[in-house]
Amino acid sequence: MNRVVHPIEQESFRRLRARLDTSHLAPLTRAVTERVIHSSADLAYADDLVMDEDELVRAHAALHAGAPVVVDVEMVAAGITRRDTVCRLGDASSGPGMTRSAHAIRLAHEEVGPGALWVIGCAPTALEELLTLDASPALVIGLPVGFVGAAESKAALRESGLPAVSNVSEKGGSAVAAAALNALLYHPVSPIPSVPPAAPEETQ
């Protein structure tokens, strides 16, 4: 089903593009950048976000093939449309050396296994915990917010070599993390080109 875009959203993107030229960006990089900026009204994200187009292409394919989507908090889940998500925060508990958010990530990993898309927009400790696991993610959208640990956890994500969307500064949050995932959800899937039938062999 094609998504119907509200006129207000259309006008918002028109104004965004009038103030910021994103035409030079690769398609999925542009989609993520614009939707994050649209969700935050913060044009500075254009220079703050870090992502790789090839990784986004593979993550987009995995997402549309049905890969699980895991979120760190329900606020991220609430912002993601057109896809069910896994959030285990309600089942988690804190303990010595582990926050509740980190425990939720561990529980989610036990549930979904490898190949999921992880969307972390609140707790740096959730992202830190994910980096200790053998998650083999399709993508990590790591955009936690805060003055303690947020920038450091995102730097660690980039250093890990995992396919990721992150940003350099302390800013982030549930809305922008959900927006980055929605950009991949909303971006159209390229049709598989049809292969013409082979011509029949000529008989001698």
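Colleague: At what angle do α2 and α4 pack, and how far apart are their axes?

Modeller: In this predicted model, α2 and α4 pack at an angle of about 85 degrees, and their axes are 8 Å apart.

Colleague: Why are α2 and α4 called roughly perpendicular to each other?

Modeller: Angles of 65 to 115 degrees count as roughly perpendicular. The angle here is about 85 degrees, and α2 and α4 are therefore roughly perpendicular to each other.

Colleague: Which residues meet in α2 and α4?

Modeller: On the α2 side they are P27, L28, T29 and V32, and on the α4 side E53, L56, V57 and H60. The residues of this contact divide into five nonpolar, two polar and one charged.

Colleague: What makes H60 count as buried?

Modeller: Buried means under 20% relative accessible area. H60 has 9% relative accessibility, so H60 counts as buried. H60 lies in helix α4, residues 53–64. Leaving aside residues up to four places away in sequence, H60 touches L28, L184, H187, P188 and V189.

Colleague: How do the axes of helix α1 and helix α2 cross?

Modeller: The axes of α1 (residues 7–19) and α2 (residues 27–40) come within 10 Å and cross at roughly 105 degrees.

Notes:
Residues numbered from 1 in each chain as written. Predicted model: local features only at pLDDT ≥ 70, side-chain atom pairs only at ≥ 80, totals over all residues. Heavy atoms only, no water. Axes fitted to C-alpha atoms, helices over the stretch in contact; angles between N-to-C directions. Helix = DSSP H or I, 4+ residues; strand = E, 2+ residues; numbered from the N terminus. Buried < 20%, exposed > 50% of the residue type's maximum accessible area, 1.4 Å probe, protein only. Contact = heavy atoms within 4.5 Å. Parallel < 35°, antiparallel > 145°, perpendicular 65-115°, else oblique. Nonpolar A, V, L, I, M, F, W, Y, C, P; charged D, E, K, R; others polar.
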